[in-house]
Amino acid sequence: MATITAGSQIGRSIPRLESRDKVTGRAEYTHHLKLPGMLYGKIFRSTMPHAKIRKVDTSAAAALPGVYRVVTIDDIRTVIPHPYYGPAFHDQPVLADGKVRFAGEPVAVVLASDPAVAEEALGLIEAEYEELPAVYDELEAASSPHLVHDELKPAATFPDLQHLKGRRGTNIALDYKMRRGNVDAAFASADHVFEHEFRTQQVMHVPMEPFVTVADVANGQATLHTASQGPSFVRIEIARLLGWPENRVRVKVPHLGGGFGGKLYIKLEALVTSLSLLVARPVKISLTMEEQFFMVTRHPCTFRIKSAVTKAGKITARKCEVWWNGGAYADIGPRVTQKAGFTSAGPYDIENVWIDSFAVYTNRPPCGALRGFGAPQTAWAYECHMDMMARELDLDPVAFRRMNMLRNGRPQAGGTVMEDADIEASMDLALERIGWNAPLERVSGNIRRGRGIAIGFKGITAPTTSVAIVNVYADGSCVLYISTVDMGQGSDTVMAQIVGEVLNLDPEKIKVIHPDTDVTPYDMGTLGSRSTYHMGTAVRLAAEDAKNKIEELARDLDMPPGSNLPVAELLRKKYGMQAGNIIGTGSFMPDYQKPDPETGQTRKATPFWGVGASSAEVEIDMETGEFKVTKLVNIADVGVPINPKLVEAQLSGAGIMQYGFTTIENMIFRDGQLTNGSLADYKIPSLLDMPKVFINEATRSNQKDGPFGAKGAGESTTIALSPAIGNAIADAIGVHIPDLPVTPEAVYRAIQSLKNAGGH
Amino acid sequence: MIGLDIHEPQSLEEAFALLGDDESTARPMGGGTALMLMMKARLFKPSALVSLAKADPRFHGIHLSSDGKAFTIGAMTTFAALEHHDAIAKHLPVITQTMVTLANPRVRNVATIGGNLAHADPHLDLPPVWLSLDSSIRTIGPAGERIVPLADFFAGYYETNLLPGELIMQVHVPVSPGWRRRYVKITTRSAHDWPAVGIALGLQMQAELCTDVRIVLSAATDRPLRLEAAESILRGQKLTPGRIADAAQATGDIHIESDSRGSADYKAHLLKVHLARALQDLSE
Amino acid sequence: MSNQRIVNFTLNGEKSTAIVRGGETLVELLQNKFDLKGARESCGQGLCGCCTVLVNGSAVAGCLMLAWFVDGADVQTIEGLANGNNLDPVQEAFIEAGAFQCGFCTSGFILMTKKLLSEHPDPSDEEIRHYLIGNLCRCSAYPEIIEAVHLAAAKMRVLARA
């Protein structure tokens, strides 16, 4: 084994451990999995956005040669008496139960050994509906008499939602509150008051590996192979559904073809497990790209923001009213509502803050987590709002931000004192990299140019736990057992680097065992930028535990201190042959204090802060509204990057994704029907869409309690990117566009409205 | 898909027999890309696909007539063959230019010009270009051959004026030396989207005079459309900025559809601005 | 029988035979009958490139091509690119540049890059962006992919000189 110097693994850009598998086509994904005797399921979906189901006639489909069985909720109920699931609310039936709540909802499943037969049979199923009035808009739904659900059913796993249990007569699934100071008084005495409303659109994760689950339930054991970001959660929720102990449910996740928050908590697993339990054969369901639009999406959001500002530009109060369109099932929407609500006043030091954040049910496809847990939607509003106020007050937008910036040592609106959050340093680097003070040719012919800056932050889901096991074999080689899912972010590699750093091993020779809940210990989920910090710490602790045990063994064997005998020799001395293991374990849950339900105040709301700053330069064709983002800069505070190249790839990848959400992507509905649910009509960024000058960089920072100073990097550049572009466009054309996506047509209309209003 | 028959007839007669009468859901197949998309989306389920690859040699090849005045291009010619054809690049460079942004290299390797025309999706890039080149189609059917000017070919969304049983055999494209041509593809979302508006332009200039002109609009209407009102404002005239603006304004009464790429108003506006710019550019 | 046939073709240099159905796609054939996993269906519309396969040297969308028509063809997949344990220079370049994250789209990008470099041995950024327009990477490893294509081009030039 190569000798590695301690301290040499952190900050090393080694290639991903699984590189060769991925370039040779050998990497294993659930997508490919086949089990003997497996049936394929195809889903028959609702064509109605909101309706009572009168009848589902499956007889013709069942009669098609090759069809094994057609399943509806009535069949499922024979094996699972209460077939409802969900992470925050147990509101989602495994298949539609008496009524459908969005167009695209699963109503029945055809099972066949040949997927082509199952597909063919779908066309033979007939459903009769009695249409109900539907609600699509979050503001309308909040006060509508037309209810998506009769009663709220919070899950027991989320103790802070228990007060909602049994609530009836509303589409509001959750109301989150934060109160600080006295906003009314501050508004009453303000020099200036500004109020704006912003909206964001519904978009989808578009993982290239569509959702897929294989379940094999037999003889009292359930084994799931699933494209999931949260195998531990899947085990818990499946065990609950089945009424079984956790040790009879096994969840395995190989490589994951993209997740972005979509494949979290529980998705296809509930349905596929129920089917396998029902027919006592392995069952696989693979969604098509089109079907993914009906699984989970990002919340559309309406944000009313109001600020009180002194003549000098100091913000004295802010009131935020945020409405989250959660679609037909809550999924993790209530958490998005809380977590993004919590930071919705922005990274500013404001004495008086009032936040209301509402999760609202509508008759749209469900919404959940998508790279930022709502933070990008709120930043769109608070950062455009900042520039709009700066414009009105004739203040420099950078100076205005600096004057109000939330700095380390000061309490955030919820009471947590800011620590290790390099907001200003991130902004400064974004300004420097875009050349903020360099001259800009603002007009040439039809073209106008502009620059924009934005900053943002997010809290991290808390409290959550990660557990890791490090196993050193008798020859000194090393294996790491973790339930973190490497979905492309590079966690296997980074965790191996952490082990290598502690145990003085070459990380490229460490094997990382992919999640298998029979083998790998608990992890709350690969989500919300938490893995490097949480699992990274657990892995560090596990490696240190192993290291201590090795030293203990040396002492037991009477080795003189500093003899540094390789572990293989120590074990050989102990057992007289090549035998035994050294097993280190580590478990980590950061400090947390539950916020007061009425005021949202707490001493510790989040283990660390995600921080991003973006700057953009745009050119606008003033005749058509067509625009180009000519330069885009994304800066994040990620603490100490353990693998700088992987970190940069996270920053740039998240940036391009959010760029799509800013300028291109939009799920368009007509009467509750999605009209562009395929990649032919729902476009995502391609190589040609990437800004020509595209800079992604981490600040020089240190997260003091993170593993070797590191913290998460997966979401930070999604936060401030949209408003940076929005602010750049406003800088060029003289007016802000309040709604995402910013399309050429929206820009054109804004230019026209300004002209009509007699602007320049 | 189950229950799909595939045939590769060795003669036209065999192909006609396999395709059957008007009631038949057997479909002729070129590269099959558009058919596959429609079948996979369950929009359409043919009983059989009849590949024309081996039915007749006239479906294949790119030939320049001996007098150099026209190309005859077999309907089974792939986009890639067209893209990489030297004589096409020399005499019809607008075709080569159009290929760069047409779908992607994999689709261009397989999709055929005949299948593309028969699909009659108004968002396609090549049909407006063919139309602006005064192309015509040679069809063949049980009742014989016909020459159909492309202007008379499209009947609406996904609809053509092909007679029952008729096949597209060749595209005839006149070579028109001295013309300046361009295809303008305007996308409003990602660069790899379908066009919101497509404009195929041809200008014949003598000194400063525009002696003839073709303007074809696609994507925004139910079929590629010659903009004759705009053309007539320009024909025989000096292309002054005022004249060009008049021609662009003359597109105002076209019925344009709203879709996810833009409202009808906005697409009409894009057409005006980009038509004027392209005319200005080409006339210089 | 016109709804199934035997196809004889060359798969990664090996003579192969399979019975295919009328509606079966090339990517289904490769996965179901040959257990090849590198070409995978994602968008199902020929737009994303995850299912890229080379047929008679031309890149095609395996999800839109009927397996029926591979009879007599030479089919190459990502699995046939490396020579034993020796990776192709394009594969090496993708590793060195870190030109993938989740890896689901990677086979397609590598095969398309192979074709791109056979047509343009020293492509400009613009040529790369246009040639790979039909390959979508949702992890958006695009900057690294451009870097990998240039790196692969350089590696292949060195090999050509050797």
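Trainee: Hi! In the hairpin of β26(A) and β27(A), which residue takes a positive phi?
Mentor: G625(A) does, with a phi near 85°, and the hairpin has five residues between the strands. Strands here are DSSP runs of E, at least two residues long, numbered from the N terminus. This is a predicted model, where local features need pLDDT of at least 70 and side-chain atom pairs count only at pLDDT 80 or more. Residues are numbered from 1 along each chain as its sequence is written.

Trainee: How many bridges are there between β26(A) and β27(A)?
Mentor: Ten, in the antiparallel sense; pairing takes at least two DSSP bridges between two strands. S615(A) stands opposite V633(A) in β27(A).

Trainee: And which way do β21(A) and β26(A) run?
Mentor: Antiparallel, joined by 13 bridges. There, K458(A) stands opposite G610(A).

Trainee: Why is β26(A) largely enclosed?
Mentor: Because 13 of its 13 residues, 609–621, are buried (under 20% relative accessible area with a 1.4 Å probe, protein chains only). In a regular strand the side chains alternate between the two faces of the sheet. Both faces of β26(A) are covered, with W609(A) and V611(A) among the buried residues on one side and G610(A) and I620(A) among those on the other.

Trainee: Is C43(C) buried or exposed?
Mentor: Buried, at 3% relative accessibility. C48(C) is buried too, at 2%, and its sulfur lies 3.8 Å from the closest cysteine sulfur, in C50(C), which is too far for a bond.

Note on methods
Chains are lettered from A and ligands numbered from 1 in the order in which they are written. Side-chain values use heavy atoms; hydrogens and water are left out. Buried means under 20% relative accessible area, exposed over 50%, partly exposed in between (1.4 Å probe, protein chains only). Helices (H or I, at least four residues) and strands (E, at least two) are DSSP runs, numbered from the N terminus. A disulfide is a pair of cysteine sulfur atoms within 2.5 Å.
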